[in-house]
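Good morning, and thank you for making time for this presentation. Please keep the sequence and the structure in view while I speak.

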Amino acid sequence: KQWYQRRVAITAGNGKSKDSTEAVNSRLFVGNLPAAGVLLSRFTEAFAKYGTVLDASLHNRFGFIQYDCSDVARQAADEMGGALFEGSRIDVNVASERRKKRTASDIIKDAQSRKIPRKQVSDCLLVICNRDIRNYSDAVIHRLKEMGMMCDSFFWSENMPLQQIITDITKDGVLYAVVLTEASAVDKTVNIHILQGKNPKDFRDVPLNDAFDLLERDFNKASIARSQVPGYL
């Protein structure tokens with residue numbers, strides 16, 4: 001498989017030299033990417049919401065993002081560091097500072113100084129087992145977001161054990177994993193993993209409307225419980 005994808009110029013023409021201090025401080029290192037299947041377009045799209053991306057490149061489990069502004073790069077590093085990207089918790093740092101480990105307190109102080117809210121853990125991970133069911137997965141994500149859930153999606157491949165993914169996101173505090181297969185798209189069903197609480201539960205081949213009712217009831221209870229935790233944002 002081709003682990004390296006050539007850098008792509010998204011836009012240009014701001015007249016800044018890559019050797020300038022501003023350019024150096026506008027470059028991000030992104031580590032701990034998924035082992036396979038990351039598209040350069042999706043990688044770039046994930047970071048473009050913060051500002052203009054001049055260049056992007058992918059290598060084996062790491063990549064680089066070049067912004068046109070160091071302030072934008074810093075904001076992206078603060079908010080994307082530790083975020084879930086296609087099933088992996090990514091490490092994001094300004095490339096020039098990568099060798100100097102930033103502590104959690106450093107990140108929190110930076111975020112507070114810019115009035116950036118601390119990133120919450122996603123409520124639900126949608127695991128998509130076939131790229132051909134994208135329309136079905138988009139419809140499911142839309143309904144989950146209507147409930148008020150923060151959702152991430154991930155295209156699963158056979159070289160990544162599904163149970164390990166479930167275990168990892170459970171440790172991260174994610175409430176639910178919703179698994180979609182080609183068969184579930186045909187039958188309009190989902191597989192639900194309720195990850196938190198004293199008795200985590202799995203529900204297989206749940207009809208879509210029943211699944212939404214189940215998730216909404218459980219999410220309402222979880223939201224109430226979360227709101228009673230001191231300091232919860």
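Predicted model: local features only at pLDDT ≥ 70, side-chain atom pairs only at ≥ 80, totals over all residues.

Let me begin with a hairpin: β3 and β4 form it, with three residues between them. Arg61, in the turn, has a positive phi of about 70 degrees. Residues are numbered from 1 along each chain as its sequence is written, and side-chain values use heavy atoms, with hydrogens and water left out.

A word on terms: helices (H or I, at least four residues) and strands (E, at least two) are DSSP runs, numbered from the N terminus. Two strands pair if DSSP finds at least two bridges between them.

Strand β3 covers residues 53-58 and pairs with β4 in the antiparallel sense over five bridges. Within that pairing, Ala56 stands opposite Ile65 in β4. On its other pairing, β4 is joined by five bridges to strand β2 (residues 27-31), and these two also run antiparallel. There, Gly31 has Phe62 of β4 as its bridge partner.

Strand β4 (residues 62-67) is mostly covered, with five of its six residues buried.

I turn now to another part of the chain. Five strands form an open sheet in the order β9-β8-β10-β11-β12, with mixed pairing. Why is one side of β9 and of β12 left without a neighbour in the sheet? β9 (151-155) and β12 (201-207) stand at the edges and each has a single partner strand, so one side of each remains without a neighbour there. Neighbouring strands of this sheet are turned by 20 degrees against each other on average, direction ignored. For such angles, axes are lines fitted to C-alpha atoms, for helices over the stretch in contact, and the angles run from 0 to 180 degrees between N-to-C directions.

Strand β8 (residues 124-128) pairs with β9 in the parallel sense over five bridges. Helix α5 (residues 134-146) lies across β8, β9, β10 (176-180) and β11 (189-194), and runs at about 170 degrees to β8.

Next, the interior. A nonpolar core here is a set of buried Ala, Val, Leu, Ile, Met, Phe, Trp, Tyr and Cys residues joined through side-chain atoms within 4.5 Å. The largest such core has 28 residues, of which Leu144, Met149 and Tyr176 touch the most other members. At least two residues of this core come from each of β8, α5, β9, β10, β11 and α8 (208-227). Helix α8 gives the most, with seven residues. Apart from this core lies another, of 24 residues, among them Leu33, Ala46, Met80 and Val92.

Contact means heavy atoms within 4.5 Å. Not counting residues up to four places away in sequence, Tyr176 touches residues including Asp123, Met149, His193 and Phe219.

Two single residues deserve a look. Ile165 is placed in helix α6 (residues 162-172). At 9% relative accessibility, Ile165 counts as buried. Leaving aside neighbours within four places in sequence, Ile165 is in contact with Leu125, Phe154, Trp156 and Met160. Its C-alpha atom is separated by 8.7 Å from that of Ser88, 77 residues apart along the chain.

Asp187 lies in helix α7 (residues 182-187). Is Asp187 buried or exposed? At 52% relative accessibility, Asp187 counts as exposed. The C-alpha atoms of Asp187 and Leu208 are separated by 9.0 Å, with the two residues 21 apart along the chain.

Finally, the chain as a whole. There are eight helices and twelve strands in the chain, and buried residues make up 41% of its 233 residues. The average pLDDT, the predictor's confidence in each residue from 0 to 100, is 79, and 78% of the residues score at least 70. Over residues 101-105 the pLDDT is below 50, and this stretch has six contacts in the model beyond near neighbours in sequence.

Note on methods: Buried < 20%, exposed > 50% of the residue type's maximum accessible area, 1.4 Å probe, protein only.
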